[in-house]
Amino acid sequence: MSKEQLDGAQALIKTLDDLGIEYIFGYSGGAALPIFDALETVKTKMKFILVRHEQGAVHMADGYARATGRPACVLVTSGPGAGNTVTGLMTAQMDSVPMIVLCGQQVTWMLGKDAFQEADIFGITMPVVKHNFLVKSTNDLPRVAREAFHIATTGRPGVVLIDVPKDVSQSPFTGDLDPEMDLPGYHPEEALNICPTAIDEAIQLISQSRRPLILAGQGAMISRAGEELMHFAETLNCPVTNTLLGKGVFPETHRLSLGMLGMHGTAYANKAVCEADLIFNVGSRFDDRIIGQPHMFGRHAKIIHVDIDAAEMKKMIRPDVQIIGDAKAALRELNKRISRLDTNEWCATLDGYKKKFPLSYKKQGGLRQQQVIQELYKQTKGKAIVSTDVGQHQMWAAQFFLNDRPYEWLSSGGAGTMGFGFPAAIGAAFACPDKTVISISGDGGFQMTLFELATAAIHKLPVKIVVLNNHYLGMVRQWQELFFEDRLSGVDLVGNPDFCKLAAAYGIPSVHIKRPADVTRMIKKALAYNDGPILIHAECIKTDNVFPMIPAGAALEDMLIEPPKHKMAKPTGSTWSNDSKIHITAHSHLPTTMQPIVTTDTPTAPSPDQAIHTLSVLVNNRPGVLMRICQVFARRGFNIDSLVVSQGRDARFSRMTIGIVGDPAGLEQIIKQVGKLIDVMHCYEHTSDNSVVRELVMIKIACSPEERSQALQITEHFSGKTVDLTPTSMIIMITGESSKADAAITMFSQFKIIETVRTGKVVMARGEQPT
């Protein structure tokens with residue numbers, strides 16, 4: 001097929017095939033018909049999988065990516081079709097999963113007119129994707145697809161959405177199928193340049209440590225740094241704990257492994273954090289579920305933080321050394337200079353904790369979820385891809401199904417999305433047909449996406465679908481039992497279906513486990529069946545609780561090893577309290593002057609000691625960039641005091657000057673967040689020392705002829721100019737620093753001020769440096 005014969009949709013599909021996309025998961029609809037038609041008219045290696053709901057499509061693409069490290073594609077129609085993807089987009093973006101999402105859209109001349117099945121998916125999805133595009137020109141489609149793939153898979157991976165109006169996809173394509181990308185502000189390759197000074201500082205802290213601890217997160221897995229991490233840990237003889245999403249980046253059966261830390265992590269991992277003198281965090285963002293109370297986290301330890309995303313630095317914990325860059329590159333540099341530490345006593349102490357506080361569960365009282373999970377682990381020898389939903393079963397699976405290899409643990413971490421586990425397992429089964437794939441869900445989460453039983457059955461995917469049925473939303477029930485005096489509200493899943501009959505309706509066989517004595521035999525039977533999916537329905541006791549447990553907002557030192565024997569206070573941490581506070585916390589060993597201001601969730605009026613800040617932002621002049629920047633400020637509760645946008649010498653770029661009032665700690669994070677937006681070239685704060693800041697104000701006053709002389713004198717005093725004069729009014733224009741504008745308004749207040757208009761600040765750097 002020659003270029004002259006292609007339409008936009010065909011050019012798009014051909015580009016995705018050239019990029020190596022293997023699977024497209026989706027659901028059809030009118031606005032996307034040209035793209036669906038192109039799947040039939042363009043010869044590709046790609047396979048299209050028709051799902052039963054758009055949310056399922058995104059979770060399948062997510063599972064495919066988590067199991068391979070490579071992106072899959074999603075294709076949906078406009079309006080409700082695109083809207084149904086939002087939960088999956090948020091899930092993937094929060095966990096740094098690469099993905100490309102194509103949405104059909106109304107024709108361009110109907111945009112914004114509330115046409116049939118139109119939705120502003122470009123605006124709706126800005127907060128939940130790494131980047132998105134609304135394509136207005138057919139010839140731009142190959143370039144946008146290549147840019148989307150590059151953005152999704154480089155740096156900190158994420159989701160990129162492409163909104164394609166129907167007239168754009170079905171118009172003739174006359175452009176270049178292999179165009180140059182146009183991303184002047186995006187330089188992910190810089191992550192490979194590791195700061196030598198930071199390495200020097202890290203080596204100094206490491207060499208002084210006697211109780212070191214490695215905290216391995218998903219970032220180490222994304223960078224494929226498993227080999228380097230193993231060398232680092234074994235050379236130092238340093239214990240390793242991992243996050244929920246970091247399971248498998250360091251073998252959990254290794255002698256140095258402490259398993260998962262955090263809210264439901266192992267007791268010995270959490271105790272290691274409390275007693276360590278050095279915490280080396282590689283690829284973890286210090287999520288609130290692992291740090292407990294930030295000011296207490298690792299309070300006896302020096303902190304080294306390695307992360308590819310500069311915006312994660314100092315967001316929750318202020319490290320002593322920050323290494324911004326790719327985890328694999330950073331570990332390679334460190335590995336050149338490390339040597340074994342004197343950690344024998346430290347390792348012996350932690351081995352003692354492993355013996356004293358092992359993971360365990362009661363063997364009496366009925367069938368327990370832990371037993372089912374442990375048996376799955378035993379019979380597969382841990383050699384399986386495990387996908388989970390969210391809740392109690394997720395935490396028990398993390399505890400009892402150990403992972404020794406990367407990309408075999410699929411779980412929604414940041415978003416905590418119920419309904420994720422089963423469709424993600426389907427995506428993993430497509431990606432890895434030679435591996436055992438196990439989906440572990442609770443009865444609540446499974447029912448959110450169970451319609452994808454059809455997808456699994458049609459394609460005869462040998463997924464082991466485990467439904468751990470306790471007839472409750474178990475994790476919420478546990479919190480209500482412990483912290484709300486066992487007042488159960490909205491958690492009893494009365495009306496659950498017969499899951500075995502439900503599977504049979506889709507032609508899927510099942511096994512039903514009710515007694516502990518049947519677990520081994522039934523799981524063996526299910527694992528032996530490979531002619532398609534099989535459902536394992538395990539009816540478990542209703543009121544079991546997950547331990548260890550750190551109540552939200554509590555310190556790791558407050559960990560509960562077993563059910564408390566006293567009444568528990570309501571938790572104060574995130575998710576569970578309206579009066580929660582976020583602390584961006586420095587460690588006690590840092591100077592007092594470095595302690596940041598504490599900010600609350602609820603925006604309040606600026607306090608007198610909050611400073612005025614002026615930011616300069618150079619942006620690629622594309623639709624949506626202003627909205628993206630404003631969202632960063634709004635999300636953190638900052639009000640934009642003034643905003644000026646102007647074109648620079650190069651028409652492709654615009655300069656934004658943003659004035660805000662706020663605390664320095666919050667501003668530091670905003671600058672980092674704005675700076676990593678794809679269309680932002682740079683973002684920095686201006687000061688009076690390095691910049692000239694000016695503002696224009698126009699003041700309209702009611703002024704009689706008798707008062708005019710006095711008004712003109714004030715105007716002259718401020719070097720102003722009269723730009724309009726009537727018998728009863730004057731308009732005066734004054735330029736200068738903002739303080740000058742304030743003073744002028746005060747002086748003119750002796751007259752009746754009809755109106756004032758201020759342009760906002762404009763800034764230019766002093767000297768020869770560029771603005």
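1. A definition to begin with: a polar contact is a pair of N or O atoms within 3.5 Å; within protein, one must be able to donate a hydrogen and the other to accept it, and residues adjacent in sequence count only if both atoms are side-chain atoms. Helices (H or I, at least four residues) and strands (E, at least two) are DSSP runs, numbered from the N terminus. With that in hand, aspartate 326 caps the N-terminal end of α14, with a side-chain oxygen 3.1 Å from the backbone nitrogen of lysine 328.

2. Please keep in mind that this is a predicted model, where local features need pLDDT of at least 70 and side-chain atom pairs count only at pLDDT 80 or more, while totals for chains, interfaces and linings use all residues. Residues are numbered from 1 along each chain as its sequence is written, and side-chain values use heavy atoms, leaving out hydrogens and water.

3. Strand β10 (residues 278-282) has five of its five residues buried. Leu278, Phe280 and Val282 point one way, Ile279 and Asn281 the other.

4. Two strands pair if DSSP finds at least two bridges between them. β10 runs parallel to β7 (residues 212-216), joined by five bridges, and isoleucine 214 has phenylalanine 280 as its bridge partner. Five bridges also join β10 to β11 (residues 302-307), again in parallel; here asparagine 281 partners histidine 305.

Note on methods
Buried means under 20% relative accessible area, exposed over 50%, partly exposed in between (1.4 Å probe, protein chains only).
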